[in-house]
Structures are given as structure tokens and as C-alpha cells.
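I opened my notebook today to look around a new structure, one step at a time. Here is what I looked up.

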Amino acid sequence: MSEGTVLFLCRCGTNVADFVDLEAVKAWADKGGLLDRVCIHDFLCAPAGKAFVEETLKETGSRRAVMAACSPKLHQKTFEECAGAAGLNPAQVSMANIREQCAWVTPDKGEATIKTQQLIQAALERSRLHRDLAPQRMECNTDFVVIGGGIAGIEAALQAAEAGRKVTLFEKDISLGGEMIKVEELAPSAECSPCLLAPRLSQVREHANITVVTGAEVTDVIGFFGNFTVTARKKARYVTDDCIGCEACFEPCPVEVQSDFHLGLGKRKAIRNLFPGSVPAAAAIDPQACLRLKGEECTACVDNCPFMALDFEQKDEIVEVHCGAVVVAVGAEVHVPADLPRLSLDGKSDVFTYAEFERLTCSNGPTQAALVKRDGTAPERIAVLHCAGSLCPDGLDYCSGVCCVNAFMVGETVRKQLPEAIVTNIHDRLNLPGLETEAFLRKQLEEGTRKIECHALDKVRVQPQPGGEIRIAIPGQDDLTVDMVVLSTGFVAGARARELSVLLNVEQDSRGFLKSDHPILNKTGSVIDGVSLAGSCLQPSHGSQSITMAQSAVGRALSRLVPGRTIELETMVSRIDPARCSACRMCAATCPYKAIGIDPASGRSLVNEAVCRGCGTCAATCPSGAITAVHFTDEQLIAEVKGVLHERV
Amino acid sequence: MSVFEPDIVAFVCNWCSYGGADSAGGLKLAYPANVRLVRVMCSGRIDPEHVATAFREGADGVMVMGCHPGDCHYRNGNHKALRRFRLFERMLVQMGIAPERFALEWVAAGEGKKFQEVTTAMTERVRPLGPLAIHGNVASKEVSRG
């Protein structure tokens with residue numbers, strides 16, 4: 001194979017030919033006989049054109065080809081293939097974009113012809129410095145990691161496991177279940193939430209392909225589609241796997257603290273599980289509360305455990321998992337507008353968020369589903385304030401989209417146990433999408449829910465009175481006096497979304513929720529290939545939406561992560577010359593993919609080529625000139641600059 | 001006497017601004033032939049050294065174009081370009097190069113119209129400045145490189 005180059009000029013029908021004098025360009029290029037051949041063709045991308053390219057290159061035995069044609073975004077691959085058939089390395093096929101960048105935008109034919117020569121000159125000069133790139137493929141890992149054990153994460157794990165994939169499901173709390181396990185009935189169908197969840201929880205527990213890791217905080221994710229390494233810190237449980245969750249130790253434990261699971265509305269012991277049927281079933285000790293772990297003498301749980309399952313020597317563990325795809329399903333957080341005095345969410349009055357109301361009406365809640373006020377008596381008059389802390393200048397500027405239907409669920413839930421109680425919803429415009437919600441609203445109104453429309457919800461004041469009653473001042477309307485207020489609050493992305501966005505390099509939207517790759521075309525994909533998103537971490541979602549998103553997220557990953565299939569690796573990576581590297585680590589700080597580590601042998605920075613995506617930012621950052629951006633080297637770029645500045649001849 | 005026509009080198013990122021130029025082409029939005037593109041994968045790849053070299057090699061104006069902030073294909077390479085070239089703009093003066101000869105622009109792949117506007121504006125801005133006559137640091141660097 002000769003070191004020479006063939007220059008192909010494409011007329012593109014009349015697209016180039018009418019605006020550029022290609023004969024003149026050919027004559028210019030032929031001058032000096034520096035090229036193996038210069039040819040003009042009508043349509044290089046058509047079957048006859050591709051065959052012409054292949055045959056010509058076989059005939060000349062040239063090593064390089066420069067295609068003066070359209071945008072490489074259209075036909076770089078086309079020409080790499082037909083030139084490849086003649087034995088050329090893909091890196092030796094260059095394009096000069098004389099159609100989009102010249103013929104179509106330069107009305108003066110003389111000017112266009114000169115610019116065409118300059119663009120070709122640039123491609124020729126650059127291509128002389130091209131080195132062959134060996135396409136690299138690697139077998140991909142087809143296993144999954146799911147982060148977040150709520151309904152979306154549970155569904156994702158089950159879907160992937162059903163396809164025969166190994167799944168590691170990380171959950172930060174001591175049990176799976178997420179938000180859905182804290183709710184009794186789902187709006188608007190009033191279906192029993194734990195009944196929907198419980199069979200799925202057992203499926204996860206039983207599934208041979210699923211490993212559940214609870215008390216786990218994901219601390220690092222590196223890699224790329226088909227080859228991720230996920231690291232998590234698994235907090236010590238101080239209870240071994242021998243525990244079957246018999247709960248014999250709960251009663252004897254002398255320490256009682258506020259329960260997060262009950263949103264502070266109830267107590268729990270220092271050793272506990274979250275709810276009956278927790279997955280895993282094993283209890284866990286809260287080290288902040290446990291007397292023994294604080295150095296005091298206490299053997300209450302040890303004395304009462306029939307399985308000798310306590311282990312106070314347990315340490316946090318670092319868990320490392322390799323996988324091909326990551327599904328993020330970390331959920332959202334309930335917005336708690338305690339900072340707005342007008343809502344009186346003070347933790348003392350009978351003003352509750354909707355999430356708290358749900359705990360008070362849930363059979364696994366602090367009152368075993370008995371709806372009571374803080375004094376233990378049942379409420380008789382309940383107000384539900386819509387958009388509490390949402391759509392107002394001092395709160396969230398967005399509609400969470402799931403709260404209105406829940407807000408009307410209050411009446412349904414209350415009347416089941418307190419048929420005489422009066423429920424009044426104070427609302428502005430309602431967001432009730434779906435075919436069933438309008439009928440649901442009508443049913444609530446027929447069955448007794450009252451509603452007051454108010455167009456200045458951010459001026460409504462919730463005013464607890466001495467004696468326990470709560471007066472609600474509504475602009476332009478009579479005050480409403482009740483003995484319990486439920487604030488229908490929205491949802492926020494929460495700290496976990498922020499942490500994961502950093503760990504995974506996934507963007508957050510302006511509200512902090514994790515951002516889709518594309519809101520229409522790829523809702524559950526993230527901008528990072530191989531990382532999918534599901535559930536409320538994308539946008540506040542009902543259970544049904546979360547499940548659908550989880551199925552979508554996993555389905556897309558499954559269709560591309562096929563066992564036995566290999567994936568192509570980036571060839572245009574960065575490389576570091578250890579002889580020039582001073583290990584200053586500026587490159588590592590600038591790398592968007594955490595692709596630059598330290599070579600243990602030399603102590604110098606080293607690019608993990610499987611992770612590098614080839615942006616070349618490190619090469620521009622390196623103060624020692626130690627980094628080469630393959631196929632975009634300084635020399636190649638400068639050659640191209642010289643080419644486009646080639647004198648007008 | 002013929003009018004002076006500046007040579008302008010535009011470094012463009014592959015994903016947004018190169019696509020913007022393709023869009024301008026597809027829409028047949030004419031812009032001055034003075035502007036010629038050099039493609040890099042990310043605006044973060046562009047070293048001030050490349051820009052200085054372009055001036056030394058005869059460019060009368062240099063543009064760096066990347067994705068809009070927040071839209072970088074590589075997360076944030078364009079932010080790095082922004083930081084680097086804000087500083088570089090201040091150094092240009094010391095090199096004896098009028099800052100008007102350099103421009104940093106964000107052009108998305110769909111923004112053919114914007115591509116046409118910024119390249120036209122750049123050409124019109126540089127044309128009255130005349131050919132670049134380099135003195136100072138840039139020229140001496142050439143000597144030191146031997």
C-alpha cells in the first residue's frame with residue numbers, strides 16, 4: 001500500500017457542481033503530481049459511487065482517501081466502509097465538507113471554488129498526519145444495578161431479573177418499600193397500596209437473580225454502557241442474616257426514639273424493622289440510639305434473641321459491583337413548607353402534610369390507621385389546602401402534578417372511618433389528568449366532600465387558635481374553622497438526586513430533578529449512555545407512572561445489552577506520556593468522566609481508555625503538553641489551520 | 001483597489017456548532033467565504049495555543065464556537081472553554097492583537113441562522129481592522145520554537 005492519497009471530488013448532482021468549479025479544483029489538485037489520483041464523480045454516496053471509490057483505491061493501492069463532498073455527519077461512515085473494503089483504515093478516510101460549508105452558502109462561484117480548495121488543502125494536510133486507529137470492541141457486562149428500592153426500583157429489578165440478568169438492588173434505608181409502603185390506599189382507584197407492593201417485595205426477596213443490599217449508600221460509579229463499576233457503603237446492621245424478623249427483641253429494647261418511617265408522628269425502638277414484611281426481614285440497630293453501641297451496658301436484645309443473631313462487632317462494608325446498566329430510582333422528597341408562617345406547619349398544631357395524613361391513616365402507621373389529632377381524639381372538621389407551598393413566589397414555582405388527586409382522596413379516606421366528619425378542599429385550578437379522575441372528583445363531591453375555590457391560595461392563612469381549633473382565613477370569603485388541616489404539598493428532588501447527579505454525571509433540571517436524555521424521545525434515558533432513570537427522581541409520579549417508567553428504563557437497556565454481543569469502544573481517546581507528566585492532576589480535575597487515574601507503576605496520570613469519551617479537554621488543560629488527543633492532536637489541528645489559511649491561488 | 005478580505009478561522013465543536021454550520025448549509029443561508037472551520041470534538045479541546053497559532057499562521061480573526069452552556073455533549077467542556085478564553089481575551093492585548101479579532105460564540109446544531117449571523121458579524125468586525133500585523137509575544141514564540 002502506498003503512502004499516497006486519492007482525492008475524490010463529489011458533484012452531488014448539481015448541489016456542488018453548480019456552485020463550485022470542480023474542474024478547476026481538479027486541475028489545482030493535480031498540479032505537482034502530489035496525489036495518487038484526483039477523480040470527480042456525480043454521486044459518491046450512491047451504490048455506483050461507493051463501488052467507484054472501492055475500485056479506485058484498490059487500483060491505486062493508496063493508503064489514504066480524502067472525500068470532498070458533504071458533511072461527515074452524513075457520510076463519514078459510508079466512505080469508511082467502501083474505502084475499508086479496499087483495505088483502508090477508517091482513520092485514513094477524511095472528508096472536506098464542500099457542500100454544507102461551501103457550495104450551499106457561498107453564492108459567488110469564484111469564492112466558493114477558492115474556499116473549496118482551502119477546505120481540501122486542510123483535509124489533505126491533516127490526513128498526512130493521521131495514524132491508523134484500530135477499532136476496539138469489548139464484550140459487555142449485561143448485569144444491572146438498580147439504585148433505590150421504592151416501587152420504581154423494585155419493578156426495575158424484577159424486570160431485569162425476569163430476563164435472566166443478575167441485579168443488585170441498592171437501598172439506603174434498612175428495608176425496601178419506598179414511599180408506596182407508607183400509603184394505605186392509592187388515588188383515585190382506592191386500591192390497597194401494601195397489597196400491590198407485598199407480592200412484589202416477596203418476589204424480589206425470593207428471586208435468585210436479585211441481590212438486595214440495604215443500608216447502602218452508593219459512593220462511586222465509574223465506567224460506561226456495558227462496563228460500570230458501582231461502589232457502595234453498606235452500613236453495619238449489627239444483626240446477622242440469622243435473624244428472621246421475629247421481633248422478639250423490639251419490646252425489651254429500652255430505647256425509644258422518633259420514627260422516621262412515621263415521619264416523626266410515632267416512636268420506634270433502637271432495634272427495629274420498618275414495617276411487618278420488611279425486605280430483608282432482619283431487624284437493624286440504629287447505632288445513634290443503641291445504648292450498647294454508645295458504650296453502655298445493655299443486653300436486652302441479646303438476651304431475648306432466639307437466634308443469637310446480634311453482632312455488635314459488625315463494620316460498614318464496601319460493596320463493589322460490576323454491571324452493564326444502571327437504573328436510578330431514588331425517588332423525590334415531600335416538600336415540607338415549614339418555613340411559611342401562613343401555613344402553621346409547626347409540628348404542634350393539628351396541621352399536617354398529606355404525607356403525614358397518610359401515615360395517620362395507614363395500617364402500618366403510628367396509630368394503626370386510626371385518624372386522630374395530636375390529643376388522640378378524632379377530628380370532626382378537616383380542611384385540605386391545595387398547592388400548599390407550591391405555585392407561589394415563596395415556594396415551589398412548579399406544579400408537582402400528583403397532589404390534586406391525593407388531596408381529594410382525603411375525603412374518601414376520612415369517611416371510611418369517620419362518616420360524619422366534614423372534609424373541605426380549598427383549591428385553585430385543579431390538575432386532574434387521566435380518564436378516571438373527573439369521575440373520582442364527582443364521586444367525592446356527591447359523597448360529601450365540600451370545596452371552596454380560591455384564586456389567591458398564597459394569601460390563605462392557617463391560624464391555630466388556643467384550644468385546638470384552627471381558623472382558616474380565605475381572601476374574600478368567610479373564615480373556615482376546622483380541627484385538622486391537611487396541606488397538599490408538592491415534591492422536591494431532594495439531596496439524593498444532587499448526589500447521584502454528581503456520581504453519575506447525569507444532569508439535573510432547573511428544579512433539581514434528574515434530566516431525561518430527551519423529554520419526548522427518551523424520557524427514561526439519561527444523558528449518560530447506560531444510565532436510565534425511573535420514578536419520582538425524574539418527576540413527581542404516582543405508583544403507576546413509576547412502574548411504567550421502570551419498565552421502559554429496563555426495556556431499553558435490555559434491548560441493547562445482549563449477552564454475547566460486543567460493543568464498540570471509543571478510539572479517539574486521550575493518552576498521557578508518562579515521561580512528560582508531572583502528576584499535577586489538572587487533567588483528572590477537568591475530565592468530565594473521571595477517566596483519569598494514577599498508574600501505580602509510574603505514579604503518573606493514566607487514562608482509562610475504556611471510560612474516556614475523547615472530548616480532548618484534558619489535552620488542552622495539561623500544562624506539560626503530556627496529553628495527546630488521539631486523532632485531534634495539536635499537530636493535526638495546526639495542519640488543518642494552515643490548510644484553511646492556504647493562499648488563494 | 002480591492003477591498004481587504006480577512007481570513008477567519010473558526011474552531012467548532014463537533015456536536016453543536018459544526019451541526020449549526022451544517023444547518024446553515026442545509027437552509028442555504030449564505031455567510032462570508034472568509035470563515036473556514038476547523039472541527040474538534042469539544043470546545044474544551046481548544047487550547048489558546050491553537051488560537052495563537054492560527055493568528056501566527058495568518059488568520060486575521062479567530063472564532064471559538066461550542067454548545068450553549070448546559071448543552072455540552074461532554075457535560076461541561078464548553079464551560080472550560082469559556083473560562084480559558086475569557087482569560088485569553090485579556091492576554092490578546094499583550095500580544096498586540098486587538099480583542100475584536102477573537103470571538104467566543106455558542107451555536108446549537110439547529111441554529112443555522114445564528115451561525116450565519118455570528119460569522120457574518122465577525123467578518124464585518126474584522127474587515128475594517130485590516131490585515132493582522134503581529135508583534136510581541138506571538139511572533140517571538142515562533143522564533144523560540146525554531
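Before counting anything, I noted a definition: a residue is buried when its relative accessible area is under 20%, exposed when over 50%, and partly exposed in between. I also reminded myself that this is a predicted model.

**Entry 1: chain A as a whole**

With that cut-off in hand, I looked up the buried share and found that 55% of the 649 residues of chain A count as buried. Then I listed the secondary structure: chain A has 16 helices and 34 strands. Is chain A compact or spread out? I found a radius of gyration of 33 Å, while the globule rule gives 26 Å for 649 residues; the value for chain A is well over that, so the chain is more spread out than a compact globule.

Next I turned to contacts within the chain. Among those in chain A with a separation of 6 or more, 69% are between residues 24 or more positions apart.

**Entry 2: surface and charge**

I looked up the surface and noted that chain A exposes about 27800 Å². Carbon and sulfur atoms supply 50% of this area. For charges, I have 66 positive and 82 negative ones in chain A, and their mean positions lie 3 Å apart.

**Entry 3: where chain A meets chain B**

How many residues does each chain bring to the contact? I wrote down 43 residues from chain A and 44 residues from chain B. About 3700 Å² is buried between the two chains, with carbon and sulfur atoms giving 57% of that area.

**Entry 4: a closer look at V527(A)**

I found V527(A) in the loop between α12 (494-504) and β29 (531-533). Is V527(A) buried or partly exposed? Its relative accessible area is 35%, so I marked V527(A) as partly exposed. Leaving out residues up to four places away in sequence, I saw that V527(A) touches N505(A), V506(A), E507(A), K515(A), S516(A) and D517(A). I also checked L504(A), which is 23 residues from V527(A) along the chain; their C-alpha atoms are separated by 9.9 Å.

Then I looked up some exceptions.

- A187(A) and P188(A) are joined by a cis peptide bond, with omega about -5°. I located P188(A) in the loop between β8 (185-186) and β9 (191-192).
- The bond from V279(A) to P280(A) is cis as well, and its omega is near 0°. P280(A) sits in the loop between β15 (271-272) and β16 (284-285).
- M308(A) has a positive phi, near 50°, and is not a glycine. I placed M308(A) in the loop between α8 (300-304) and β17 (317-323). Its relative accessibility is 74%, so M308(A) counts as exposed.
- K594(A) is not a glycine either, and its phi is positive, near 55°. This residue is in the loop between α14 (586-590) and β32 (596-598). At 35% relative accessibility, K594(A) goes into my notes as partly exposed.

Methods:
Residues numbered from 1 in each chain as written. Chains lettered and ligands numbered in written order. Predicted model: local features only at pLDDT ≥ 70, side-chain atom pairs only at ≥ 80, totals over all residues. Heavy atoms only, no water. Helix = DSSP H or I, 4+ residues; strand = E, 2+ residues; numbered from the N terminus. Rg over C-alpha atoms; globule rule 2.2 N^0.38 Å. Buried < 20%, exposed > 50% of the residue type's maximum accessible area, 1.4 Å probe, protein only. Contact = heavy atoms within 4.5 Å. Areas by Shrake-Rupley, 256 points an atom, 1.4 Å probe, with all protein chains shown as cover. Lys, Arg positive; Asp, Glu negative; His and termini not counted. Charge placed at Lys NZ, Arg CZ, Asp CG, Glu CD. Buried area = accessible area lost by both parts, 1.4 Å probe.
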